[in-house]
Amino acid sequence: MENPSSGIRGAIEENTLAILDASEATKHTRDADDDRIAFLEAVRAASLLPENKSPPTFKMCEAIFKILRFGKSLELISTSYQLLNELDRRFPRVYVTNANGSSMSHELVVLQEAWTPFVLGTDISDSERATNDLTGGLLDPLGFHLLLQGLAEVSDVENFQALDTKVLSNMLLFHYLVSVLEGDFVPRNQMYKETLNWILVRESLLNMILCSRKMNFKGLMKDCLTTLCGLGHFLAEYDNAVRFSETSLVKQPEAIDTALAIAFLHFGRIACDAMLKLMVMVMELDSSKKDADMQGHTTRADGVRTPLAEIIQDELTYDKNILSPFLQVFKDSKWKLEIIVQFFWKYISKPSVRTRRSNGPAEDATFSRVLKCISNSSSTKSITKKIGAHAIHLLLAHGFQAFLLLSAKQTVEGLPDSKEQVAGGSIVETCKNLISVFNCLKTLDKQLEISSCAKEAIFVAATIMSKKL
Amino acid sequence: MEMDGPLDFESEDPLLSSPVTLKKRKKIIGLDDLLTDHYKDKCKLVEKESKQAKKKKNYDSDDDDFGKEAVVSQVVDECQNKMNQLGGEEDTSIWGLNVFGEQRPPPALQSQELESCHFLQTFLNNEVNSLLNLTVEKGDAFLEGLLVNGWLSTLVSLTGRAEKSLAVWTFNLMLYSSREDLRTSACDFWRDVMLTTNEVEQQHLQIDWFPNYAQLGEALESYGYRFECSLNPGFVHTGSGRGEPPQNIRAWIKFITICCQTKIKNNIFTSSEVEQLAEAIICLFLDRQFQGITMLLCECLQSLINYFTDEEWKACCENIAKSLVCRIPMDLNCLRAVECISGVDPRSKYLRSTIAYQILLLCFENEATNEEEVLRVLTSITVKDKSCDLFKLYIYLVLTENWLVGSRMLEGKPLICEMWGLFLRNCSCQIASTDLRSYASKVRNKASYILQSSFDE
């Protein structure tokens, strides 16, 4: 099936790729790199600048992507990354239309033939992965996991000294891949919520990658968690006063160093945001899947996996050291609050026998209820014993912050939908309860040193109350 | 470039502008193809002739083997020299300017007494303070914690007010702190406060202090940015700290973007201030130190050019272009200055085109003062001439493309169209593929690429 414009597109493809053909694909000489830049500029000029824009062809996309993956100069990787993002914004693969302009008739449009950087279904052997010739640089689920693990190494300070463009291109690559997943998943999930058609979500790239036989889901999610914490912590600690170039083993011209340093801090933040976005998407996918499960729409083929929120809770329980860095960098207030509330709920002695499936997360738990449950001296005592004073301070402070952000968001977005009621309770009341919990903790242990983040939470609570909101 | 419409310089052709059937149109394009074929054949013929001439020369002049060998080795030597020359030349032809000089000490901060911060004061008298034991002395460190952990913007949006002392304090941290966590958190704070999407909040949010252009310019100057002086090529910085801006520059760029996007306060900048900022951002594009954050620069430039009103836009755009082109050298840097502009929307297309045109005017300062004259100078260049500077020609070619194509500049100007077409054909057909001069192949390829993509339409 040829579309009418394929003749023109074919000619553009031939012309632009001719720019690249002049240089050998594997060379990294100045000339070859100049040609690559010229190619990117030409693709941009042909696809984005004309009035009637048309997307680049498969081969062109693949060539751009290859430059991002294997490019050795900062100019190449950032130009190709920018072009890929611009193209995706202009030519989305999946989108929701508003057919008649009325809000009732949404329709999901999926361009099946559109190019994606992922290969699914076909296996890539290790040798192919090494040469990257047959795959055209595309990634399979395992390749995606390897990339993510590579990022974890970046946050290792020892390795940071040997900073090179490979690290930087991996950060951009990861960010780009996640935004491809996002562009595919978000409209599908939005449509699922309206139509309850599980197939839409089942066929999303994200779900197919997670369901892949080669993918170790739990491993991937744990790697996400460690990378997010490590990278976030590293970036927060970075200080101009300590210049990494001074300790660098590789001698490089100064200007390159500044260019890399400026890029590193920016890309690091981008990669962190992408990691967070990926985790939030997985949690949204989990919740849609659970929903579909209840409706009986899923089949055996959908498989069973532990929801990410539970994996995170387990990790936090076993390793209290990651609690603080995790809460620092995990900035999505909805899921943060959910995780914190469920974490507490596990340790709170429930007053009544629950009739729901007792192994699933409690549906009726809210932050306000948690505060109420632990604000009498006996329950405070027992929960301090179970979780530890420091962890309680952290959890309460971050839970409170997520609560505030979420309530602010809910008032903006109008009527809260029933599922979003995690926030629960009024702001002033919650402020009051938070302070009374800390008063309880203080009366239990007169020597108690309140941690700095809890102090900040108390300060904010008291200030809000004094404004009588 | 339009893909489906007729060739740019054909748009005035009466045959084309009249409604014709698809078949007929194809025939006409067929004629165009014949024309290109004709030109191509001509080119080949010229090449062949020159080759034959060379061959003849060789055979005629030398009979004995020794002579031949001498000539061959001489030719090889010449080639070698030329290659070396080429290599040497190309090393200098890389974009990159020293946009930054030495850093200066940050301007004396108008330090507001943080102790006077209202909600800190109120809290000290609050009974809840018995839990915290907060004192005035610990106030600064405590506020830093509030900022880094993201409490401050929540507090401001819930209480509806950003006090002057807080605003000044966070502004200074953002632009001058050496700690990454402080400067990014301070920047996030301003973003959260200024880009709030809550309309109710927007109306009630009271920000007691706003930075102005002078303070932002002062910051950029202290980073070492050279205002209003011509910039010299350079991509290797020697000596430590010279020509390297601090990392705060990222926050500075983001803050400018925020100032242009916010709806909380109108007219933070005057239009001439925005002109200067836009010029500065384009200059940053030209410094190789920023190649990693071109996304930030793009977003910033886009916000800046959208800040103008429709009435002032064209005049302001010309001002930006005029003052920019005086500062940059006429080499690959001026191409970079044009191509860094996104060109996706009408305004940035217009800016691209205007800057390209202003550079061309400056190149032909004594020869051309209007569009027609510029093109006349271009078409009068004899590309075959050995003394013709092909590097310059390449720059003219790319600039002219950016000036004319895609910006509606060609609409209703048949003469300009015709001359542009002639210039392209000169460049693509009159330079032989055997031409060894540096940039010969770049000019030829570029011109035939533009021609080709026009003919494909």
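B:F391 sits in helix α19 of chain B. The model is a predicted one. Is B:F391 buried, partly exposed or exposed? It has 19 C-beta neighbours inside 10 Å, so it counts as partly exposed. A buried residue needs 20 or more. Which residues does B:F391 touch, once neighbours within four places in sequence are left aside? They are B:S93, B:S438 and B:Y439. Now look at B:T369. B:F391 and B:T369 are 22 residues apart in sequence. In space, their C-alpha atoms are 23 Å apart.

One of the contacts of B:F391 is B:Y439. Follow it. B:Y439 lies in the loop between α20 and α21 of chain B. It is buried, because 22 other C-beta atoms lie within 10 Å. Its backbone also deserves a look. Most residues other than glycine have a negative phi. B:Y439 has a positive phi of about 75 degrees, although it is not a glycine.

B:N133 is not a glycine either, yet its phi is positive, near 55 degrees. Where is B:N133 found? Its place is the loop between α5 and α6 of chain B. The surroundings of B:N133 hold 9 C-beta neighbours inside 10 Å, so this residue counts as exposed. B:Y439, by contrast, is buried.

Next, turn to helix α18 of chain B, residues 371–379. Which of its residues are buried? B:V374, B:L375 and B:L378 are. They cover an arc of only 90 degrees around the axis, so they lie on the same side of α18(B). An α-helix has 3.6 residues a turn, so residues three or four places apart point the same way. What covers these buried residues of α18(B)? The cover includes three helices of chain B: α17 (346–363), α19 (390–404) and α20 (414–429). Of these, α19 is the helix that holds B:F391.

Now for helix pairs. Two packed helices are described by the angle between their axes and the distance between the axes. Take α8 (residues 164–176) and α12 (residues 248–261) of chain B. They pack at an angle of about 125 degrees, and their axes are 7 Å apart. An angle of 65 to 115 degrees would count as roughly perpendicular, and one over 145 as roughly antiparallel. The helices α8(B) and α12(B) are therefore oblique to each other. Which residues meet? From α8(B) come B:M174, B:L175 and B:Y176. From α12(B) come B:N248, B:A251, B:W252 and B:F255. By class, the residues of this contact are 6 nonpolar, 1 polar and no charged.

Chain A has a pair to set beside it. Helix α18 (residues 377–387) and helix α20 (residues 427–444) of chain A pack at about 75 degrees, with axes 10 Å apart. That makes α18(A) and α20(A) roughly perpendicular, because angles of 65 to 115 degrees fall in that class. On the α18(A) side, the residues are A:S377, A:T380, A:K381 and A:T384. They meet A:C440, A:L441 and A:L444 in α20(A). The classes here are 3 nonpolar, 3 polar and 1 charged.

Step back to whole chains. Chain A has 21 helices and 2 strands. Chain B also comes to 21 helices and 2 strands. Of the 469 residues of chain A, 39% count as buried. For the 457 residues of chain B, the share is 40%. Contacts can also be sorted by separation in sequence. Among contacts in chain A between residues at least 6 apart, 73% join residues at least 24 apart. In chain B, the corresponding share is 76%.

How do the chains meet? In the model, 53 residues of chain B are in contact with 55 residues of chain A. Several helices of chain B each supply at least two residues to its side, among them α4, α5, α9 and α21. Which helix gives the largest share? It is α7(B), with 6 residues. By class, this side of chain B has 20 nonpolar, 23 polar and 10 charged residues.

Finally, consider confidence. The predictor gives the complex an ipTM of 0.88 and a pTM of 0.84. The mean pLDDT of chain B is 81, and 75% of its residues reach 70 or more. Over residues 1–29 of chain B, the pLDDT is below 50. Beyond near neighbours in sequence, that stretch has 39 contacts in the model. Residues 87–91 of chain B are also below 50, and they have 2 such contacts. Where pLDDT is low, the predicted coordinates should not be read in detail.

Methods
Residues are numbered from 1 along each chain as its sequence is written. Chains are lettered from A and ligands numbered from 1 in the order in which they are written. This is a predicted model: local features need pLDDT of at least 70, side-chain atom pairs count only at pLDDT 80 or more; totals for chains, interfaces and linings use all residues. Helices (H or I, at least four residues) and strands (E, at least two) are DSSP runs, numbered from the N terminus. A residue is buried if 20 or more other C-beta atoms lie within 10 Å of its own, exposed if 12 or fewer, and partly exposed in between; C-beta atoms are placed from the backbone. Two residues are in contact if their C-beta atoms, placed from the backbone, lie within 7 Å. Axes are lines fitted to C-alpha atoms, for helices over the stretch in contact, and angles run from 0 to 180 degrees between N-to-C directions. Angles under 35 degrees count as roughly parallel, over 145 as roughly antiparallel, 65 to 115 as roughly perpendicular and the rest as oblique. Ala, Val, Leu, Ile, Met, Phe, Trp, Tyr, Cys and Pro count as nonpolar, Asp, Glu, Lys and Arg as charged, and the others, Gly among them, as polar. The arc is that of the directions from the helix axis to the C-beta atoms. pLDDT is the predictor's confidence in each residue, from 0 to 100.
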